Amino acid sequence: NVMLTVGQTINLNYYKMLMNQENNSRDLDEVYSGVYLITALRHILQSSGVFRTVLEISKNSNLG
């Protein structure tokens with residue numbers, strides 16, 4: 001996404017690795033899911049025509 005810039009926030013939904021056996025659904029991981037700040041990014045255009053955006057992100061956390 002060429003519209004992303006440093007300083008913006010993104011919402012990341014990270015699913016738990018184990019699926020819920022009862023209804024075959026995936027549950028969100030509450031530790032890793034949430035709002036992240038984009039601290040750095042790189043836009044890469046490869047000679048094959050593939051375009052990629054690599055993000056470095058940081059999440060606010062409380063360790064107490």
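Tutor: The model is predicted, so local features need pLDDT of at least 70 and side-chain atom pairs count only at pLDDT 80 or more, while totals for chains, interfaces and linings use all residues. Residues are numbered from 1 along each chain as its sequence is written, and side-chain values use heavy atoms, with hydrogens and water left out.

Student: How many helices and strands are in the chain?

Tutor: The chain has zero helices and five strands. Helices (H or I, at least four residues) and strands (E, at least two) are DSSP runs, numbered from the N terminus. Along the sequence the pattern reads β-β-β-β-β.

Student: What makes β4 and β5 a pair?

Tutor: Two strands pair if DSSP finds at least two bridges between them. Nine bridges join β4 (residues 34–45) to β5 (residues 51–59), so they pair. The two strands run antiparallel. Tyr36 stands opposite Lys59 in β5. His43 has Thr53 in β5 as its bridge partner.

Student: What lies between β4 and β5 in the hairpin?

Tutor: Five residues lie between them. Gly49 sits in the turn, with a positive phi of about 95°.

Student: How do you know that β1 and β4 pair?

Tutor: Count the bridges again. Four bridges join β1 and β4, in the antiparallel sense. The rule asks for at least two, so they pair. Thr9 stands opposite Leu37 in β4, and Asn11 stands opposite Val35 in β4.

Student: Which strands form the open sheet, and in what order?

Tutor: Three strands form the sheet, in the order β1-β4-β5, with antiparallel pairing.

Student: Why are β1 and β5 called edge strands?

Tutor: Each of them pairs on one side only. Neighbouring strands of this sheet are turned by 50° against each other on average, direction ignored. The axes behind that angle are lines fitted to C-alpha atoms, for helices over the stretch in contact, and angles run from 0 to 180 degrees between N-to-C directions.

Student: Why is the pair of Tyr14 and Tyr32 called edge-to-face?

Tutor: Rings of Phe, Tyr and Trp (its six-membered ring) pair if their centres lie within 6.5 Å; planes under 30 degrees apart count as stacked, over 60 as edge-to-face and the rest as tilted. By this rule the count is one aromatic pair. The centres of Tyr14 and Tyr32 are 5.5 Å apart and the planes stand at 65°, so the pair is edge-to-face.

Student: Is Gly34 buried or exposed?

Tutor: Buried means under 20% relative accessible area, exposed over 50%, partly exposed in between (1.4 Å probe, protein chains only). Gly34 has 17%, so it counts as buried. Tyr14, at 38%, is partly exposed. Tyr32, at 48%, is partly exposed too.

Student: What is in contact with Gly34, leaving aside its neighbours within four places in sequence?

Tutor: Contact means heavy atoms within 4.5 Å. Gly34, in strand β4, is in contact with Ile10, Asn11, Leu12 and Lys59. Gly34 and Asn13 are 21 residues apart in sequence and 6.6 Å apart in space, C-alpha to C-alpha.

Student: How much of the whole chain is buried?

Tutor: Buried residues make up 11% of the 64 residues.
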